[in-house]
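Subject: Structure for you to look at

Dear colleague,

My notes on what was found in it follow.

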Amino acid sequence: MLIALFPGDGIGPEVVTQARRVLDVVCGDALSYEEAPVGGAAYKAEGHPLPPATLDLAKRADAILFGAVGDPDCDALERHLRPEQAILGLRKELTLFANLRPAKLFPELADASALRPEVAKAIDLVIVRETNGDVYFGEKGMRTTPGGRRQGYDVMSYDEDEVARIARVGFETAKARRGKLCSVDKANVLETSQLWRDVVIEMSAEYPEIELSHMYVDNAAMQLVRNPGQFDVIVTGNLFGDILSDQASMCAGSIGMLPSATLDAEQKGLYEPIHGSAPDIAGQGKANPLATILSAAMMLRYSLGKAAEADRIEAAVAKALAAGHRTADLGGSVATAQMGDAVLAAL
Ligand code: GGG
């Protein structure tokens with residue numbers, strides 16, 4: 001099985017290196033790897049954040065393990081050349097529309113959560129974020145108003161098929177868990193959200209066993225902090241899911257802990273930590289590699305049919321945390337490679 005390794009920018013290469021070490025021990029020769037540049041690294045090397053050879057490798061591979069993209073050196077570039085376009089381009093080109101972001105507190109990290117320990121320990125949810133539509137992919141630009149003022153615009157749109165396919169992932173994910181689905185929108189203000197809500201309600205007739213609720217995104221942000229234990233699966237759009245999952249990560253201890261899978265209709269997927277490239281700590285050995293190591297475990301489970309190996313990695317991460325290893329984001333001083341060593345020792 002071929003894995004495309006896309007380390008990307010900033011701390012991406014450091015965290016992907018540790019995930020690769022873990023995969024080598026757990027899967028040995030069962031996996032082979034090809035690496036290619038993405039993001040700012042690809043722009044600097046080849047003049048584009050998603051070069052044709054990188055895209056070709058993504059299409060050929062059985063799964064993609066991705067680090068992070070984002071580079072302040074590229075801030076002044078035209079939008080289509082910015083590092084972030086690599087991840088948006090991969091999602092679009094490979095129709096990776098379902099981004100699963102599980103947020104669960106490892107019990108050892110109750111002290112690291114932004115919430116009181118008794119509230120934090122209840123968090124065990126999955127955010128199902130749509131990643132092929134919404135304001136990220138709508139028409140966008142800068143124009144001048146009749147009054148001569150600069151105006152930026154980004155069009156938010158969803159069609160009913162786009163909503164239906166992600167809603168189905170939400171219902172199916174809830175069915176495989178505790179049977180509760182909360183659809184998050186802003187239907188009191190946005191037409192896209194009204195359509196979203198209508199389509200989710202229509203589909204709910206096929207899932208009478210699922211307890212469906214609806215929540216406005218502002219309320220959802222508040223409820224995630226007030227009582228995260230009420231959520232099982234949240235299904236939401238691209239922008240709302242991006243924001244809510246970062247918030248959920250801090251409830252679960254750190255953004256350095258949250259893995260993700262972004263899947264197409266056949267379970268082919270791109271796996272990445274939800275965190276970005278963190279240029280302020282790049283190259284210093286301070287990054288937490290656990291979100292990427294846990295993303296590798298998701299890759300084994302969802303795309304490669306290796307659930308036992310995934311379980312083994314997740315158990316090793318729990319053991320490393322239980323032994324007291326903490327990177328800086330978790331309030332400790334363990335270096336990136338040392339955290340990798342701790343997981344390897346726990347395997
Ligand atoms: N590993 C996640 C990452 O690199 N994030 C940067 C980014 O471009 N995020 C945009 C998004 O997730 O929609």
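According to the UniProt entry, which is unreviewed, the annotation "binding site" covers Arg91, Arg101, Arg129 and Asp218; such annotations may be inferred rather than shown by experiment, feature names are shortened, and the positions are given in the numbering used here. These residues span 128 residues in sequence, and the farthest two C-alpha atoms are 26.4 Å apart, so they do not all gather at one spot.

Please keep in mind that this is a predicted model, in which local features need pLDDT of at least 70, side-chain atom pairs count only at pLDDT 80 or more, and totals for chains, interfaces and linings use all residues. Residues are numbered from 1 along each chain as its sequence is written. The mean pLDDT (the predictor's confidence in each residue, from 0 to 100) of the protein chain is 96, and 100% of its residues reach 70 or more.

Of the annotated residues, arginine 91 lies in helix 4 (residues 84-93), helices being DSSP runs of H or I with at least four residues, numbered from the N terminus. Arginine 91 counts as buried because it has 21 C-beta neighbours inside 10 Å, whereas aspartate 218, in helix 8 (residues 217-226), has 13 and therefore counts as partly exposed. The cut-offs are 20 or more other C-beta atoms within 10 Å for buried, 12 or fewer for exposed, and partly exposed in between, with C-beta atoms placed from the backbone.

With best wishes

Technical notes:
Helices (H or I, at least four residues) and strands (E, at least two) are DSSP runs, numbered from the N terminus.
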